[in-house]
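Subject: Structure handover

Dear colleague,

Here is the structure for your files. My notes on it follow below.

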2 protein chains.
Amino acid sequence: VEPGLPALARLGIVGAGQIARMTYQAALKLGITPRLLAERIDDSAALVASDVVIGHPDSVAGFADTCGVLTFEHERLDVGLLERLEEGGRVIRPGTRTIRAAFDKIHQRRILTNRGFPVPAFAEITGPDDVFDFASVFDWPIVLKRARAADQDAKGVWIVENQAEALRVLNEQNRHRMLAESFVAIASELVVLIVRRPGGHVRVYPVTQVTNVDGVCREIVAPAPVAPATAEAARTLARRIADELDSVGVLAVELFLTAEGLLVNELAARPHNAGHLTIEATPTSQFENHIRAVLDLPLGPTWPSCPAAATVNVISGIESTDPSANLTEALAVEGAHIHLYGKRAGPGRKLGHVTALGSDPDEALAVARRAESALLGRRPW
Amino acid sequence: VEPGLPALARLGIVGAGQIARMTYQAALKLGITPRLLAERIDDSAALVASDVVIGHPDSVAGFADTCGVLTFEHERLDVGLLERLEEGGRVIRPGTRTIRAAFDKIHQRRILTNRGFPVPAFAEITGPDDVFDFASVFDWPIVLKRARAADQDAKGVWIVENQAEALRVLNEQNRHRMLAESFVAIASELVVLIVRRPGGHVRVYPVTQVTNVDGVCREIVAPAPVAPATAEAARTLARRIADELDSVGVLAVELFLTAEGLLVNELAARPHNAGHLTIEATPTSQFENHIRAVLDLPLGPTWPSCPAAATVNVISGIESTDPSANLTEALAVEGAHIHLYGKRAGPGRKLGHVTALGSDPDEALAVARRAESALLGRRPW
């Protein structure tokens, strides 16, 4: 980093999926042209950016040599390597303390537990015996998770009903570290997005409620339809975690709302799917605030600029419809803000999202769903 | 154009200044990656786009061969050449009828006069005698204009007080066709942005008021502080002109409000500086609606999403301050939406703009001015 002029240092983004694509767009607005480390030339952000290096994430050290500040849109990186880069004087944002907690869900749970944050019961799974032990204490179903995230479109969470199902998942995922957690009766899944600047200045976005289907985020509404005290507790919890990890940039804190209160489900140290609606629904999108934070620039306002907003993800079904071919129908849905990522269709791939604003979350959701149905060539819900 | 799938045809944009840069960003949102014809590799949009052809505007025919739909961000093109391309089956949007009216101000005035639209008195100037004749009828000062636009940062309008000043301008501009017009006492300069789809569906943006200093647009507010009947008359006038020209895409209609009513000053057949505030202040920016229109996709809403908005252009002074170096100070201005174009500073160059929203135009303007001052390292107004 050139002293005193972080905004003029070259910003490198590791990863070139849709999160990087939207972050790139936010950077352009500020006159900044990030350099991207993409895995493939047809990665979502690589299609549109002018300064793209193609390489495996393991080549991050060479990439870092050409950048003043480094940030990340995915978790498929060797944390030890990043720690060595940081020790060598590279500016890694968020820092590797946050990265380790965000990238490794076992480490994450241990840190959160040690610092007194509420989390579901969990255990590392090193083999079938561990599953058996865990289930004998917490009963079926249990939740199995990969400790390290897969790519943005891949599944990483399974709810299993019995030992046979558990073994099938462990078998499929046998190259990966896994954890088990107790299946919690969830009233609601909330995500709090918090953005934090070096030195600790933070801004917190309105709490969102997400609906996951089969482990994949499908719909998001803001504000989350929960009691004001619950929303405030969620924001306070997120803020304490961000401070504890000394995070920089956007930290997404995924929470379970249960009969016993809030539990921390997962952390992501980057712009998050639940925050796509901040593009239209707040004065400063999560992407722009992430850029501002990692370059140590003043953060922008995060308050809601409308009563309610909703996002519906455009997820490819098995028929692999190209949503671009249905733009005519989708853009005819008045008030739908359509975002397409330029990705090739394929089952389960997130191809885009639709955000709508409204006077309440249900009204916004209805508009977004209509446009999403149109994009996928389905009849409206 | 592939039949029935205009959104899947490759969109070519001729020009790579800031208008193209913001249009490019709007296209990305819709999953579209336009190809740009840039004159220089460091043109504002060429810096950030992935698919850029470097060439003189006269090479547009070869460029058009590689695109399904062609649109334009500047007026420095040979209209005859575009007419031949259109006759040869190329999809040129707006069509060359609109382009000829927009690019050639003498032709523009004649068409508008012939169709009964109110314009200031004018005459083509082919030499000093024409100026003398014109001034003997309309009195000094008179306005001299280049018939064809210069680049986005260059001056094309002069108010001259006497024959000597007029001759100096004619001498400087002697390679260019010129027109003279009567100097009109202007209460207000208004711009109406209208977007029109092939077939005639239109949407009209809220009327803006612009403040020009020395022939260069400096500030814009919306809604224009004029009587509702005046705003409605301005919108109706713009709509009639768009229909008359059968325009496609954004048409910017610049109007003078005088004691005798509205006069049409100029037309631009592209997104316009006065419409930059539509990014934050309306549901669909002028850039996205331009993309939608030229690809024959449904237009998005253009109503105001806040009570008032203002834009202040960031124009380089002689000291050529780099606004990126002042981002820390500028982003600290709460509520300022900062857009930088990545251009090298140089006297009179538009390097960016700041938009702010507010409960009235003055409130918004005050915020935008503070951030603009910060970007240029000046003390606030």
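Ser316(B) sits in the loop that runs between strand 15 (308–315) and helix 11 (327–331) of chain B; helices (H or I, at least four residues) and strands (E, at least two) are DSSP runs numbered from the N terminus. This is a predicted model, in which local features need pLDDT of at least 70 and side-chain atom pairs count only at pLDDT 80 or more, while totals for chains, interfaces and linings use all residues. Residues are numbered from 1 along each chain as its sequence is written, chains are lettered from A in the order in which they are written, and side-chain values use heavy atoms, with hydrogens and water left out.

Ser316(B) is buried, at a relative accessible area of 4% (buried means under 20%, 1.4 Å probe, protein chains only). A polar atom of the Ser316(B) side chain lies 3.2 Å from the backbone nitrogen of Gly346(B). Beyond its neighbours within four places in sequence, Ser316(B) has contacts (heavy atoms within 4.5 Å) that include Ala345(B), Gly346(B) and Leu351(B).

On the interface: 40 residues of chain B are in contact with 40 residues of chain A. The two chains bury about 3,300 Å² between them, 57% of it on carbon and sulfur atoms (accessible area lost on being put together, 1.4 Å probe, summed over both). The rule finds 2 salt bridges across the interface of chain B and chain A (a side-chain nitrogen of Lys or Arg within 4 Å of a carboxyl oxygen of Asp or Glu). Arg203(B) and Glu334(A) form a salt bridge through their side chains, at 2.7 Å from N to O. Helix 1 (18–29), helix 10 (286–294), helix 11 and strand 16 (336–340) of chain B each give two or more residues to the side that touches chain A.

Regards

Technical notes: Buried means under 20% relative accessible area, exposed over 50%, partly exposed in between (1.4 Å probe, protein chains only). A polar contact is a pair of N or O atoms within 3.5 Å; within protein, one must be able to donate a hydrogen and the other to accept it, and residues adjacent in sequence count only if both atoms are side-chain atoms.
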